[in-house]
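This report describes one protein model from its overall make-up down to single residues. The sequence and coordinates are shown first.

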Amino acid sequence: MDKAKFLENLVSARKKRSLTQKELSDALGISDKTYSKWETGENEPDVETLCRLAAFYGVSPAVFFRSDGDESELEGMGAAEAARKCWRGARAPLLRGRRGG
């Protein structure tokens with residue numbers, strides 16, 4: 001993962017929607033200090049929180065990892081669909097690990 005690109009896309013997504021860190025952190029149910037640490041690269045969101053963030057924006061979590069920052073093909077899918085896609089993708093490695101055993 002290109003951490004600098006992730007940070008850039010994280011900040012860009014928030015600013016594009018004219019949100020403050022406080023507004024976004026309140027919407028996600030986390031502290032503004034926690035969110036601030038994500039934007040500075042001091043810490044990273046866990047998978048569950050990344051899914052909530054993507055659902056909040058109505059995009060795929062892949063948006064945050066794209067090198068071109070283009071949200072157009074992923075935007076507007078709606079929070080529920082974004083959350084379903086994220087959870088399905090996050091659970092897949094866990095489910096594959098259980099099948100082998």
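Predicted model: local features only at pLDDT ≥ 70, side-chain atom pairs only at ≥ 80, totals over all residues.

## Overall make-up

The protein has five helices and zero strands, so that its elements read α-α-α-α-α from the N terminus on. It has 101 residues, of which 37% count as buried.

Among contacts between residues at least 6 apart in sequence, 54% join residues at least 24 apart. The pair N9 and V63 is separated by 54 residues in sequence.

N9 is found in helix 1, while V63 lies in the loop between helix 4 (47-57) and helix 5 (79-99). Their C-alpha atoms are 7.5 Å apart in space.

Both partners are buried. V63 has a relative accessible area of 2%, and N9 has a relative accessibility of 7%. Because the cut-off for burial is under 20% relative accessible area, N9 counts as buried at its 7%, and V63 does at its 2%.

## Helix 3

Helix 3 spans residues 32-40, and its buried residues are Y35, W38 and E39. Seen down the helix axis, these buried residues fall within an arc of 95°, so they line one face of helix 3. K33 and T40, on the other side of helix 3, are exposed. The cover over the buried residues of helix 3 includes helix 1 (3-16), helix 2 (21-28) and helix 4. Just after helix 3, G41 takes a positive phi of about 85°.

E39 belongs to helix 3 and is buried, with a relative accessible area of 12%. What does the side chain of E39 join in a polar contact? Its partner is the side chain of Q21, at 2.7 Å. Not counting residues up to four places away in sequence, E39 touches L7, L10, V11, R14 and Q21.

## The nonpolar core

In soluble globular proteins, nonpolar side chains tend to be buried together. Here the largest nonpolar core has 17 residues. Those with the most contacts inside this core are L10, L24, L53, Y57 and F64. Helix 1, helix 2, helix 3 and helix 4 each supply at least two residues of the core.

With neighbours within four places in sequence left aside, L53 is in contact with L10, L24, L28 and F64. Of these partners, L10 is also touched by E39.

## L50 in helix 4

Is L50 buried or exposed? L50, which lies in helix 4, counts as buried at 12% relative accessibility. Leaving aside neighbours within four places in sequence, L50 is in contact with F6, P45, P61, F64 and F65. F64 is likewise among the contacts of L53.

L50 and L28 are 22 residues apart along the chain, and their C-alpha atoms are separated by 9.8 Å. L28 is one of the residues in contact with L53.

Notes. Residues numbered from 1 in each chain as written. Heavy atoms only, no water. Helix = DSSP H or I, 4+ residues; strand = E, 2+ residues; numbered from the N terminus. Buried < 20%, exposed > 50% of the residue type's maximum accessible area, 1.4 Å probe, protein only. Contact = heavy atoms within 4.5 Å. Arc of directions from axis to C-beta. Core = buried A, V, L, I, M, F, W, Y, C linked by side-chain atoms within 4.5 Å. Polar contact = N/O pair within 3.5 Å; in protein donor to acceptor, adjacent residues only side chain to side chain.
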